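Here is a short report for a reader meeting this structure for the first time. Please look at the sequence and the model before reading on.

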Amino acid sequence: MTDRKYKCYGKECVEQNLKYPKDELYEYGGKNYCFPHYQAKLKDKESRERLYGLIQKHFGIPYPTGLMLGQIKKFQNTNHYTLDGIAEAVDYMASQSWVNLDSKYGLGLVPHVYEDAQENKKRADAQSNIKFDYKEQNITVAKKDFEKENEVVRKEKFDFTK
């Protein structure tokens, strides 16, 4: 009996021609992946769904246009942008008053705001990690201190009826 090994369709495994026993592979989209590549596929799917959801929300369309899908692919391959980074840029663009999001122009502004969006996210993350350290203290004030203060106020008031 032979122990047949199966191909992992992850990029590095394909390049190195690595093969695994069937019980070490996970199926995704009809293809087998080793655990690290399977995890990467799931993360990619989650990021893509988030990006498409933001496009749907901000552009008011049910699904990204062909132009947008092509731009996303170009941003990933040419500019080496991540799907999460593109999603941050889309969200950042939508929050800017000077940006008019129109599906006929697609995601053309993403390269121009990508770095600003990353900086904005870093600032927001840093602010959310700030923790205030405070100690609760009880302060006791004598009643006579308030009476003296009120006495001074009474002396400063004038009675014009007399």
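## Histidine 80

Histidine 80 is exposed, at 65% relative accessible area. Exposed means over 50% relative accessible area, buried under 20%, and partly exposed in between, with a 1.4 Å probe and protein chains only. This residue sits in the loop between α3 and α4 (83-95). The phi of histidine 80 is positive, near 60°, and the residue is not a glycine. Most residues other than glycine have a negative phi.

## The model and its elements

This is a predicted model: local features need pLDDT of at least 70, side-chain atom pairs count only at pLDDT 80 or more, and totals for chains, interfaces and linings use all residues. Residues are numbered from 1 along each chain as its sequence is written, and side-chain values use heavy atoms, with hydrogens and water left out.

The chain has six helices and four strands. Helices (H or I, at least four residues) and strands (E, at least two) are DSSP runs, numbered from the N terminus. Their order from the N terminus is β-α-β-β-β-α-α-α-α-α. The chain has 162 residues, and 25% of them count as buried.

## Asparagine 17

Asparagine 17 also has a positive phi, about 55°, although it is not a glycine. Its place is the loop between α1 (11-16) and β2 (19-21). Asparagine 17 is exposed, with 53% relative accessible area.

## Helix α3

Glutamine 71 belongs to helix α3 (residues 66-77). Is glutamine 71 buried or exposed? Its relative accessible area is 14%, so glutamine 71 is buried. A polar atom of its side chain lies 2.6 Å from the backbone nitrogen of leucine 107. A polar contact is a pair of N or O atoms within 3.5 Å; within protein, one must be able to donate a hydrogen and the other to accept it, and residues adjacent in sequence count only if both atoms are side-chain atoms.

Lysine 73 is in helix α3 too. At 56% relative accessibility, lysine 73 counts as exposed. Lysine 73 and leucine 83 are ten residues apart along the chain, and their C-alpha atoms are separated by 9.5 Å.

## A positive patch

Arg4, Lys7, Lys19, Lys22 and Lys31 form a patch of positive charge on the surface. Patch residues have over 30% relative accessible area and no salt bridge; like charges are joined within 9 Å, nonpolar side chains (Val, Leu, Ile, Met, Phe, Trp, Tyr) within 5 Å. A salt bridge puts a side-chain nitrogen of Lys or Arg within 4 Å of a carboxyl oxygen of Asp or Glu.

Arginine 4 lies in the segment before β1 (5-7). Arginine 4 counts as exposed, at 60% relative accessibility.

How values were computed:
Accessible areas come from the Shrake-Rupley method with a 1.4 Å probe; for residues, only the protein chains shown count as cover. Lys and Arg count as positive and Asp and Glu as negative; His and the chain ends are not counted. The place of a charge is taken as NZ of Lys, CZ of Arg, CG of Asp or CD of Glu.
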